[in-house]
Amino acid sequence: MIEKLRKYGVDAEKLVEIFRQCWLIRNFEETVEELFQKGKIYGTMHLCVGQELTAAGACSLLKPEDKIISTHRGHGHCIAKGGDINLMMAELLGRVTGYCKGKGGSMHIADMDKGNLGANGIVAAGIPIAVGAALTSKMKELGYVVLCFFGDGATNEGAFHEGLNLASIWKLPVVFFCENNLYAMSGPIKEMINIDQISKRAAAYGIPGVTIDGNDVYQVIPATAEAIERARRGEGPTLIEAVTYRWKGHSRSDARKYRTREEEMEWKTNKDPIARLKGELLKHGILTEAQADEIQSETKRAVEEAVAFAENSPFPSPDSLEQDVYA
Amino acid sequence: MREITFLEAIREAMSQEMRTNPDVFIMGEDIGLYGGAFGVTNGMLEEFGPERVRSTPISEAAISGAAVGAALTGMRPILEIQFSDFITIAMDNIVNQAAKIRYMFGGKAQVPLVIRTPSGSGAGFAAQHSQSLEAWMVHVPGLKVVQPSTPYDAKGLLKAAIDDNNPVIFYEHKLLYRYKGNVPEEPYSIPLGVADVKREGRDVTIVATAIMVHRALEAAELLEREDGIRVEVIDPRTLVPLDEETIIRSVKKTGRLVVVHEAVKRGGIGGEIASIVAESEAFDYLDAPIVRLGGRPVPIPYNPELEKRAVPQVEDIVQAVRQLLNRA
């Protein structure tokens, strides 16, 4: 199995890097939750624990000049596209050293230098923006591809349908990557659409659509790599539906009445993307148990350093309030 | 100087920018072969080709978002929204995205985008194709709002809007499209935020926007002829940024203020202008209460006589000024 990934440029070293990214994301998210519970983080946050592989796997296939568009559940995407966790944590703690100088918070982190065109607080709003970023790539012949993340809920917004159609007729270099974590806030996707797979919607726009297990590296890598290559060849967009699961609630105050604890336990015990990837790495002798553990603790330490960086950073000055409204 | 129409001035501003800056392009519904619903882009497809004069599907949410995405990544798109009423279907991209991206991202990104859109009544298009909703845009920090009244201003302000690194909403009153005026052939820029005194006077100040500038000028002519009243007419030209100083200076001189716009009076820009004057040192110079003229609080009706009644006409302005000067 693992040999099959090689043709997509994913070798043992890259798999270890994906594994490391997954752990960095999970440790980051777990820490953010703790800080929130301690009252150190204000407002709200949307955690992606349980769906780390979609971000880490898909972004591992991008070149530095490629771009991503993220969502309200965007910490994982930012980290996977090379984001600096110090600046992320500082932003979440409302510090001036944060990505957005403390003015954006969790839902608006962007890293223009790394090609992260931003998280977005409006569901599906990133889709047309991704289309426009892909239009720039085509018009200026820049050769970059835009990987556009969104959730299952976004696929019921008009912007999804209009955006996919526009990207298709203009054959733009964009990959529409739906992280279907089964619930749009509290709305089970199976009650919100009348088809069994979101990817079937691709047919309406004349583009390929594929449904994959988003927690399985053997499915995330080939599907995403093929979609990126198709986009780079100028053949237009692809819709990927990666089925995954968020372990935590939608945001800070979610009693999770819409799903059972048994269902959650099933995903945590048998479908954990990190445990599954670790199993593969051990089975193929790429990592030892001790090495895998060290990656887990090394990323944990990195997050602790990010917290220290953030806590030692100053708050924005009051007179920054009206700065950066206009260019 | 040669005379061209308001519409030709807009086309010329776009074409001149597109000839010199490869990042500038236009997209919108029916803007290619058809030339746009009002003919503004006529001939541009032939000159610039379909890559830069991009006809789109009827998808305001997608095309406005794509314009934001293109602007965010280094292009300078001009988006034509066919009627300004359709801004409602592009609202998320304008209000939640374009206007806020720079601030939300800590000043590390910019959205140099121009949205051109025909507004206003008087053409028989009824309730969903005739509105003047510019006050909505004025209310959103991060946007600039331009509302020209003459071909000369339209050309210079559009160049400034395209050169601006912020999202600019550029309103074109449909009754002005065929209006002619002197316009230099060479490119020139009129800075955003500078009002123009369209007529000097010392008895009363009228601040008017778009088509109302012309109605105010006509009223001023009549008032001078028949009543000897000398009216000063100020066209702010841009609502954001607003040239408060020119308005305040004029009111200090005349002691009387009438604000006229076509948009519904309730919640319109007239309230903002009246408040700015009331809060300024010009308040002490006022000899009479401020008067606002604006659209009636109704959807724009189809019947031409009702349509006229819905928004201020020349005689309404004349009457308001006479009453203000106790000459009615």
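My notes on the conventions come before the entries.

This is a predicted model, in which local features need pLDDT of at least 70 and side-chain atom pairs count only at pLDDT 80 or more, while totals for chains, interfaces and linings use all residues. Residues are numbered from 1 along each chain as its sequence is written, and chains are lettered from A and ligands numbered from 1 in the order in which they are written.

Entry 1, chain A. I counted eleven helices and seven strands in chain A, taken as DSSP runs numbered from the N terminus (helices: H or I, at least four residues; strands: E, at least two). I found that buried residues make up 55% of its 327 residues; buried denotes 20 or more other C-beta atoms within 10 Å of a residue's own, with C-beta atoms placed from the backbone.

Entry 2, contact of the chains. I noted 34 residues from chain A and 32 residues from chain B in the contact, where two residues touch if their C-beta atoms, placed from the backbone, lie within 7 Å. On the side of chain A that touches chain B, helix 5 of chain A gives the largest share, nine residues.

I looked up an open sheet of five strands with mixed pairing and the order 9-11-10-13-14; strands pair if DSSP finds at least two bridges between them. Strand 9 (196-199) and strand 14 (291-295) of chain B each have a single partner strand, so one side of each lacks a neighbour in the sheet. I recorded that strand 9 of chain B pairs with strand 11 (residues 231-235) of chain B in the antiparallel sense over three bridges. Arg199(B) has Val233(B) in strand 11 of chain B as its bridge partner.

How values were computed: A residue is buried if 20 or more other C-beta atoms lie within 10 Å of its own, exposed if 12 or fewer, and partly exposed in between; C-beta atoms are placed from the backbone.
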